[in-house]
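Trainee: I have a model open and want to learn how to read its packing. Can we go through it together?

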Amino acid sequence: MHASWREVLAPEFDKPYFRELVTFVRRERREHVIFPPGGEVFAAFDYPFEAIRVCILGQDPYHNAGQAHGLCFSVKPPTKPPPSLVNIFQELEADVPGWKRPAHGCLTQWAERGVLLLNTVLTVRAHEPGSHRGEGWEQLTNAAIRALDGRQKPVVFILWGRQAREKKALLDTSLHAVIESPHPSPMSARSGFFGSRPFSRANEALEVSGQQPVDWSLESSCDNARAI
């Protein structure tokens, strides 16, 4: 976790819910296979707090082996992009002129450019989606969202899926831009995710607030992406 995020979230670490959450996750790791690995749970916070321009908010981590590594929707090579990420790439091709699909699903390059790739819940049991909801992660990620909301520098929040869209209530929409749609999973993508143009709309909102747009391109290889 970057020092700036440790400072922002430090008050949460001393609260009873967080101590109970740590105990819960440790017990779960003894009894079950849990994703992502322990060293990658907080990977979304590895980048400077003040550098965040866009927050993409997902639900909980991928629950199959070799997928989750702490950045929502991202997978490291050689893991193939899961269906939700394939749909994200399809929307990028339609939304951003000239965008080229990479041969991998690693989104670390976005994180390095100021995109916070955050799930509302940061751990999950193998093959049991939603299994760690309601155990305390939501309080921590709400604190992170509120911290971004409290900045005077506008942030673009991209909320995908019901759990993410509920976080709109935490945001000052007179300052921050909010782009919301159904989740990009195959079960809901055709109900409003496709055609929602979140990437170009995010860049339009950034430019309106005097900020540089995000470069949504992904290099053809992820070999030079920083390990997290």
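The dialogue below covers the sheet, the helices on it, the core and the ring pairs.

Mentor: Ground rules come first. This is a predicted model, with residues numbered from 1 along each chain as its sequence is written. Local features need pLDDT of at least 70, side-chain atom pairs count only at pLDDT 80 or more, totals for chains, interfaces and linings use all residues, and side-chain values use heavy atoms, with hydrogens and water left out.

Trainee: In what order do the four strands of the open sheet stand?

Mentor: Strands (E, at least two residues) and helices (H or I, at least four) are DSSP runs, numbered from the N terminus. Two strands pair if DSSP finds at least two bridges between them. Here the order is β3-β2-β5-β6, with parallel pairing. β3 and β6 (177-181) each have a single partner strand, so one side of each lacks a neighbour in the sheet. On average, neighbouring strands are turned by 15 degrees against each other, direction ignored. Axes are lines fitted to C-alpha atoms, for helices over the stretch in contact; angles run from 0 to 180 degrees between N-to-C directions.

Trainee: How many bridges join β2 to β3?

Mentor: Five, between β2 (residues 54-58) and β3. Val54 has Val115 as its bridge partner. Gly58 has Asn119.

Trainee: Is β3 mostly covered or mostly open?

Mentor: In β3 (residues 115-119), five of five residues are buried. Val115, Leu117 and Asn119 lie on one side, Leu116 and Leu118 on the other. Both faces are covered.

Trainee: Which strands does α5 lie across?

Mentor: Contact means heavy atoms within 4.5 Å. Helix α5 (residues 137-149) lies across β2, β3 and β5, at about 150 degrees to β3. α7 also packs on the sheet, touching β2, β5 and β6. The direction of α7 makes about 160 degrees with that of β5.

Trainee: Which residues of α7 are buried?

Mentor: Pro198, Phe199, Ser200, Ala202, Asn203 and Leu206. Their cover includes β2, α3 (83-95), α4 (108-112), β5 and β6. Just after α7, Gly210 takes a positive phi of about 85 degrees.

Trainee: How many aromatic pairs does a search of the whole structure find?

Mentor: Phe, Tyr and Trp rings (for Trp, the six-membered ring) pair if their centres lie within 6.5 Å; planes under 30 degrees apart are stacked, over 60 edge-to-face, the rest tilted. The search finds 13. Take Trp160 and Phe199: 6.1 Å centre to centre, 70 degrees between planes, edge-to-face. The pair links β5 (residues 156-160) with α7 (residues 198-208), 39 residues apart.

Trainee: Why is the pair of Phe193 and Phe194 tilted?

Mentor: The planes stand at 55 degrees, with centres 5.8 Å apart, so the pair of Phe193 and Phe194 is tilted. Phe193 is buried, at 0% relative accessibility. Ring pairs link Phe73, Trp110, Trp160, Phe193, Phe194, Phe199 and Trp216 into a cluster.

Notes:
Buried means under 20% relative accessible area, exposed over 50%, partly exposed in between (1.4 Å probe, protein chains only).
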